[in-house]
Amino acid sequence: MKIFRGFHHPGIAGACALTIGNFDGVHRGHQAMLALLNSEAAHRGVESCVLTFEPHPRDYFAGAHHKPDLAPARIGTLRDKLTELARCGVQQTVVLPFDAKLAAQSPEAFIDEVLLKGLGTKYVLVGDDFRFGRQRAGDYAMLDAAGQAKGFDVARMNSYEVHGLRVSSSAVRQALAAGDMEAAARLLGRPYTISGHVVHGRKLGRELGATAAGAGNGFRTLNLRFAHWKPAASGIFAVLVHGLSDTPLPGVANLGVRPSLDPNDVNGGRVLLETHCLQWPADLGPEGAYGKIVRVELLHKLHDELKYDGLDALTVGIAKDCADARAYFASAQAPNHTETRRQTTRDRI
């Protein structure tokens, strides 16, 4: 999949079948839309294209109005969104910076400057609640009328439901906020996953459990930065880690702001996904994971983040989390991931 920041670049397709949206989570409703988009693009002999925005428009307006509560919780990182769009067969994605200029652009100018001049749009597929342009003044009727006048096709896709539940990014956020990872996986069509480069931290985890877990080993963690300050999920989870060995590694992870640590640590103030593999791959050595891209599936929430009264209490807490994660993987309720992947493949549109 080709990825562009903005549309003034060589190599961008001269004509496309387009869909527009934030695509946070790339859930099953998005997947159904993208399947239809790919089909329409192939029928017309043009590339399928997603136009998405960074930051999320609601993030921009939350900052502009100094009202952080207006910002939606973020399901996935930009990396994860692009990965899933590529997996769905999209040929081109354009990430458009959402700023004051774009926010002030009229619906008519958006059609002329972005859809037609910028992207060469021949077909547009939107959701049933699609709005665009300054003050969200543009709607499907306006877009359809413009298409008839200017020579591009416009289609609208109704809501997608699973067992009577409308699949939406809001529904995924609600499931993640409640810690219902099975419900989130049903809506997403796959386990909830966060990926990224492993970055350096304070290396405190190596020391915390050194006595209990073996000298020099401790609770070594893989640290991934979650770029948004407001993740849709938070807490302690049983996880599977992909990318360090030939098989997924069970682990326990903390997604959040680490309330037991002081704010002056090297990643202070940032949301991190800190993952401790229950069995560290021996061939990696103590430094071998840094810089690698790993993918972490959050399978089961153990509890919310807790603030401990010192490092000794934190060590005891992490040890208990490790024991609970091991119990989860050992239990009959732990998912068989081979079967889970077969099922999610069958469930995909």
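## Salt bridges around R44

The side chains of R44 and E40 form a salt bridge with an N to O distance of 2.3 Å; a salt bridge here is a side-chain nitrogen of Lys or Arg within 4 Å of a carboxyl oxygen of Asp or Glu. This is a predicted model, in which local features need pLDDT of at least 70 and side-chain atom pairs count only at pLDDT 80 or more, while totals for chains, interfaces and linings use all residues. Residues are numbered from 1 along each chain as its sequence is written, and side-chain values use heavy atoms, with hydrogens and water left out.

R44 and E40 lie 4 residues apart in helix α1, so about one helical turn separates them. An α-helix has 3.6 residues a turn, so residues three or four places apart point the same way. Helices (H or I, at least four residues) and strands (E, at least two) are DSSP runs, numbered from the N terminus.

R44 also forms a salt bridge with D153, at 2.8 Å from N to O. That pair links distant parts of the chain, with R44 in helix α1 and D153 in strand β6 (residues 153-157), 109 residues apart. Through shared partners, salt bridges join E40, R44 and D153 into one network. R44 counts as partly exposed because its relative accessibility is 28%, and D153 is partly exposed at 40%. Buried means under 20% relative accessible area, exposed over 50%, and partly exposed in between (1.4 Å probe, protein chains only).

The structure holds 15 salt bridges. One of them pairs E47 with K2, their closest N and O atoms being 3.3 Å apart. It connects distant parts of the chain: E47 is in strand β3 and K2 in strand β1, 45 residues apart. E47 is partly exposed at 23% relative accessibility, and K2 is partly exposed at 30%.

## Helix α1

The 17 residues of α1 should span 24 Å at 1.5 Å a residue, and its end C-alpha atoms are 25 Å apart, which agrees. The expected span is 1.5 Å times one less than the number of residues. Among the buried residues of α1 are R28, H30, M33, L34, L37 and A41. After α1 comes G45, with a positive phi near 70 degrees.

## Helix α3

In helix α3 (residues 78-87), the buried residues are L78, D80, K81, L82, E84 and L85. These pack against β1 (2-5), α1 (28-44), β3 (47-54), β4 (92-97) and β9 (192-197), where contact means heavy atoms within 4.5 Å. Just after α3, G89 has a positive phi of about 90 degrees.
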